[in-house]
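Biologist: Before I rely on the words used for this protein, I would like to see each of them set against its definition.

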Amino acid sequence: MDQETVTLKIPGLTRTYTFFHTSDAHVEIALETDAEGGKQRAEYAAEKYTNEGSNIPASTLLNAIRTADEAKADGLFLCGDIGDHYTEGTIQFIRAALKEAKTEVFYVMGNHECAGAEDKGSARQTFAEMMFGCPDFWARDLGEILIVGLDNSDKYYTEEQFAFLNEQIAKNKPILLLMHAPLMTDAIIDPVKEKWSEEMGAGACDYFLIDRPEDTSHPYRRFWDLVQNPENHIMAIFAGHVHLSNDGEFAPGKRQYTMVPTYMGEIRKVIVTGE
Ligand SMILES: [Fe+2]
């Protein structure tokens with residue numbers, strides 16, 4: 001896979017960490033039908049997708065996992081929309097692919113994960129095992145760094161999520177925050193307009209980005225105020241949704257990254273170092 005590399009300096013770390021960041025693989029897998037008309041399990045087909053490249057999103061997802069594995073990375077960030085629709089074949093495939101990963105996978109919900117599901121509540125629970133038991137929010141303590149995931153794919157922030165994020169902040173460790181929809185930073189507005197205005201019209205930025213309302217009680221504004229606070233150690237946000245690569249600040253010294261979709265065959269390597 002083509003890689004672009006960013007280096008994030010976090011004073012005080014005793015070693016260097018390597019992560020890979022991707023999102024929006026948009027994998028769509030139909031269950032295979034055998035000669036008797038029975039449905040085969042999609043996971044058995046994983047090898048086929050790697051070798052033939054017949055399903056580009058599926059093969060690029062497997063390539064992303066392989067890239068992280070070969071680099072012996074500390075983690076692979078999957079920032080949502082890994083599946084294009086909620087179908088049995090797609091879920092089986094993603095589950096099998098992530099199970100085979102040697103790298104720890106940090107996965108947050110996108111707006112596509114449960115798209116088309118009849119019962120979104122139970123569809124969400126399918127992802128719990130891939131998201132440390134809780135698709136709404138999770139955290140993993142790597143010792144010196146916390147990786148925190150929040151589901152903002154329906155563009156809301158719940159009181160539970162605020163409470164959870166505050167709990168993580170109170171641990172006083174550097175936080176890398178993963179979510180699907182990015183913040184509406186100055187750096188991302190023009191690229192989003194350029195990419196999406198033709199298709200989405202004037203509402204493109206509002207559809208893709210979390211804006212910062214004047215009303216300080218609005219959940220978006222409360223989220224902005226929380227993550228921008230220089231007192232906490234939220235060092236970077238990794239997101240997806242916009243299908244373009246972007247690197248900008250959401251507060252002095254705090255960076256937000258988005259990435260082109262996995263199916264474009266590119267991935268971001270993230271070096272986190274104390275030096
Ligand atoms: Fe997407």
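Modeller: What follows is a set of questions on terms and values, each answered from its definition.

Modeller: This is a predicted model, in which local features need pLDDT of at least 70 and side-chain atom pairs count only at pLDDT 80 or more, while totals for chains, interfaces and linings use all residues. Residues are numbered from 1 along each chain as its sequence is written, and side-chain values use heavy atoms, with hydrogens and water left out.

Biologist: How do you know whether the radius of gyration of the protein agrees with that of a compact globule?

Modeller: The radius is taken over C-alpha atoms, and the globule rule is 2.2 Å times the number of residues to the power 0.38. For 275 residues a compact globule would have a radius near 19 Å, and the protein has 18 Å, so the two agree. The C-alpha trace spans about 60 × 45 × 35 Å along its principal axes.

Biologist: Why is threonine 185 called buried?

Modeller: Buried means under 20% relative accessible area, exposed over 50%, and partly exposed in between, with a 1.4 Å probe and protein chains only. Threonine 185 has a relative accessible area of 2%, and is therefore buried. Its place is in the loop between strand 7 (175-178) and helix 6 (186-200), where helices (H or I, at least four residues) and strands (E, at least two) are DSSP runs numbered from the N terminus.

Biologist: Which residues is threonine 185 in contact with, leaving aside its neighbours within four places in sequence?

Modeller: Contact means heavy atoms within 4.5 Å, and for threonine 185 the partners are Trp224, Asn246, Glu249, Phe250 and Gln256.

Biologist: What makes phenylalanine 127 count as buried?

Modeller: Phenylalanine 127 counts as buried because its relative accessibility is 1%. This residue lies in the loop between helix 4 (120-126) and strand 5 (137-141). Leaving aside neighbours within four places in sequence, phenylalanine 127 is in contact with Tyr86, Ile91, Tyr107, Met109, Glu113 and Cys114.

Biologist: How do you know what span to expect of helix 3?

Modeller: The expected span of a helix is 1.5 Å times one less than its number of residues. Helix 3 (residues 88-100) has 13 residues and reaches 18 Å from its first C-alpha to its last, close to the 18 Å expected. Among the buried residues of helix 3 are Ile91, Phe93, Ile94 and Leu98.

Biologist: What share of the residues of the protein count as buried?

Modeller: Of the 275 residues, 54% count as buried.
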